[in-house]
Amino acid sequence: CVPMSAQSTPLCRNRSPDRQPSVYTRVSSYISWIETETGESFAPETCASRYIQMREADESMVTNRVGYHVFIEPEKSYMDIEIMAKHRVYLGYNRGSNRIQWNCGGVLINEDYVLTVAHCDKFVFNSTPTHVKVGDLDIHKDQPGAQIIRIAQFIKHPNYREGYLENDIALVKLATDVRFGPEAIPACIVDNGLTMPMYEMAGLGPYNLNNFLRDNEPISNNNTLVLTRMRVDPTACKGINSPNVMCGQNSKFLVPQTCRVEHGGPLERETWHYDRYYTYVFGLTAAGQDCGFGKEAYFVRTSAHIKWIESIVLGKGQNQVQGRRVQRQIVFPSDDDDYGPTYAYNTIGMPCTTPQNVADPVVCCGRSPNEEKYSMKKCVSYWKQYKRHEEEEYESIPSEGRPVQDKEYPHVALIGTQQYGRYVWSCTGALISDRYVLTSAECVKSGTHNTVRLGAVRQDKGTQDIGIERVIAYPNYNVARSTGNLALVRLSAKAVFSDRVLPACIWPNHSTVPLKMYTLGVDNDQVMVRPRMARYNQDCRKFFKMTNLVDEEQFCAENYYFTDNSCQDRSGDPLEGIILTGSIKISIIVGTSSYNVGCPGKSDTATVYARLSAYKSWIFSVVEA
């Protein structure tokens with residue numbers, strides 16, 4: 001590429017064999033002249049904020065387009081301003097004259113300890129932080145509700161080396177306790193190797209580039225520095241290979257100066273436990289540019305240092321401040337409905353009950369995901385944790401059914417036999433815990449089944465194949481009346497939960513069943529979902545001659561799609577309803593198929609199902625043992 005003149009700075013296309021390259025003027029060479037002539041600044045952040053409210057919204061926020069009108073949901077923005085302090089704190093540096101400059105971030109983990117990165121010591125002004133601000137995210141001035149607490153001790157990890165990330169972690173001991181409340185709640189710390197497909201991290205940037213602005217908003221020129229949060233996806237770290245460090249990155253790119261990482265801030269994710277969301281901290285921000293957009297950000301993995309954290313916070317080590325009082329710790333509640341007035345504060349990660357005679361609130365964290373005992377009450381937790389996408393509404397499923405979609409029904413389990421390298425899947429069931437699949441006793445009575453396939457939408461492809469350890473049939477199974485036609489299949493290894501493999505919940509109400517329900521089974525090697533309409537048992541006795549129905553243990557549903565060659569519902573197929581919590585639809589198993597009446601060959605057919613609510617005590621006693 002040859003310049004057109006000595007003064008120009010051309011930018012050329014790649015030369016091709018059949019034509020001359022095109023020549024372009026490089027605009028960046030003339031920025032100063034353009035700014036002089038227009039009187040406008042074209043610094044990236046200034047240019048981006050100009051007319052920002054008129055720019056097109058990110059596609060992830062768009063819910064509908066009608067002509068030139070675009071309907072959006074600001075809550076779906078890829079990044080947004082953090083408005084609740086909760087566990088997020090700022091570390092401050094004394095500048096004299098009663099002035100504190102807030103700079104590094106940190107995480108409140110109990111009443112008198114904050115977790116941060118070690119390099120926040122001497123991070124600015126070559127000085128050690130002197131104060132912590134809790135309950136206030138304003139980095140410029142202190143709001144009325146802020147708790148400004150003096151730092152008693154800044155404790156760096158003993159193996160920390162300046163300039164290295166592996167042990168870049170520190171505990172900040174506070175001189176006085178934090179007052180817990182809506183704006184000051186400790187975070188939970190991941191104490192094992194749990195990972196997530198997506199996290200959230202924090203950064204600092206100008207208000208107008210980190211907040212969705214509506215048309216004609218006068219605040220588009222507001223460039224006040226604010227704390228913002230954004231999603232980040234886990235990625236392999238480049239240039240460093242250490243189990244103590246994890247990385248995250250976004251595929252999108254940012255306008256320069258939009259966001260800078262908050263050193264010491266949390267890499268976190270909210271997960272549902274029992275009846276609410278808990279914030280779990282997976283790492284602390286140590287390094288990175290543009291908040292992980294376009295290039296990875298680096299985080300110190302908290303689980304790699306959990307023993308060191310416990311040794312100090314729980315008073316087991318040599319570094320704790322002398323004379324520390326006995327106090328409540330970050331604790332993990334059990335799933336029991338009845339909380340007693342007892343204490344059980346032994347270690348981070350152990351179960352606890354909430355004392356009823358303590359005035360100050362106790363903030364507990366969910367149990368460790370690696371706990372040995374499974375609780376059936378956790379099924380909703382797992383669905384909320386992995387945030388299952390909404391499936392189609394009942395009315396949109398045709399009467400003949402349709403193939404299930406990937407991730408749509410992640411509790412479906414295929415039960416079969418492996419012989420000579422080939423699988424034969426003869427039964428369907430529902431995963432109800434990490435070790436148990438529920439199906440019918442009739443289906444597995446042969447005792448030849450040895451494999452369960454999970455995460456499948458077709459018989460020939462699943463995400464997890466697990467052996468069968470044993471089959472436990474309901475002890476009072478009556479073959480003649482088909483009552484108690486249930487079996488629990490215990491897996492030889494724990495299922496790994498994900499958005500493709502999740503346990504279903506069990507319908508608890510014994511007096512009613514949902515009006516609209518679905519059945520899940522296999523047809524021509526494809527997992528199918530079909531709508532079913534519940535019928536009163538007396539109607540089934542009248543119209544389908546079901547004289548043996550036992551109301552307490554069975555119910556019926558109509559299959560109103562005519563089939564002349566087969567019965568669609570196989571023994572063991574799960575029948576389910578839907579519960580809606582927020583925007584998440586969760587499958588809840590109401591019954592399992594026992595037998596069909598009227599098929600093949602008749603236009604009116606029905607299926608009898610085992611009423612799971614009648615067997616709930618037995619199911620729970622086995623699964624939770």
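Helices (H or I, at least four residues) and strands (E, at least two) are DSSP runs, numbered from the N terminus. The views below come from a predicted model, in which local features need pLDDT of at least 70 and side-chain atom pairs count only at pLDDT 80 or more, while totals for chains, interfaces and linings use all residues. Residues are numbered from 1 along each chain as its sequence is written, and side-chain values use heavy atoms, with hydrogens and water left out.

**View 1. The whole chain, to get your bearings.** Seven helices and 35 strands make up the secondary structure of the protein chain. Of its 625 residues, 50% count as buried (buried means under 20% relative accessible area, exposed over 50%, partly exposed in between, with a 1.4 Å probe and protein chains only). Among contacts (heavy atoms within 4.5 Å) with a separation of 6 or more, 64% join residues 24 or more positions apart.

View 2. Helix α1 spans residues 31-38 and is hardly covered: among its eight residues, the count of buried ones is zero. Just after α1 comes Gly 39, with a positive phi of about 70 degrees.

View 3. In helix α6 (residues 537-544), look for the buried residues Asn 537, Cys 540 and Phe 544. Seen down the axis of α6, these buried residues fall within an arc of 60 degrees, so they line one face of the helix; the arc is that of the directions from the helix axis to the C-beta atoms. An α-helix has 3.6 residues a turn, so residues three or four places apart point the same way. Packing against the buried residues of α6 are the strands β31 (526-535), β32 (554-559), β34 (584-597) and β35 (605-611). Turn to the face away from this buried side and you will find the exposed residues Gln 538 and Lys 542. Lys 545 follows α6 and has a positive phi, near 60 degrees.

**View 4. Strand β14 and its partners.** β14 (residues 225-235) pairs with β13 (residues 199-206) in the antiparallel sense over eight bridges; two strands pair if DSSP finds at least two bridges between them. Across from Leu 204 stands Leu 227 in β14. β14 also pairs with β15 (residues 245-249), again antiparallel, over three bridges. Here Pro 234 has Gly 248 of β15 as its bridge partner.

**View 5. Two loop residues with positive phi.** Most residues other than glycine have a negative phi. Lys 122, in the loop between β8 (113-116) and β9 (131-134), has a positive phi near 70 degrees. At 43% relative accessibility, Lys 122 counts as partly exposed. Asp 525 sits in the loop between β30 (516-523) and β31, with a positive phi of about 70 degrees. Its relative accessibility of 40% makes Asp 525 partly exposed.

View 6. A cavity is a set of points, on a 1 Å grid over the protein atoms alone, where a 1.4 Å probe fits but cannot get out; lining residues have an atom within 4 Å of a point. Of the 13 residues lining the largest cavity, Lys 407, Tyr 409, Pro 410, Ala 456 and Val 457 lie nearest its centre. The lining of the largest cavity comprises seven nonpolar, two polar and four charged residues (Ala, Val, Leu, Ile, Met, Phe, Trp, Tyr, Cys and Pro count as nonpolar, Asp, Glu, Lys and Arg as charged, and the others, Gly among them, as polar).

Key:
1 Å grid on protein atoms, 1.4 Å probe; cavity = no way out; pocket = protein on both sides within 12 Å on 5 of 7 lines; lining within 4 Å.
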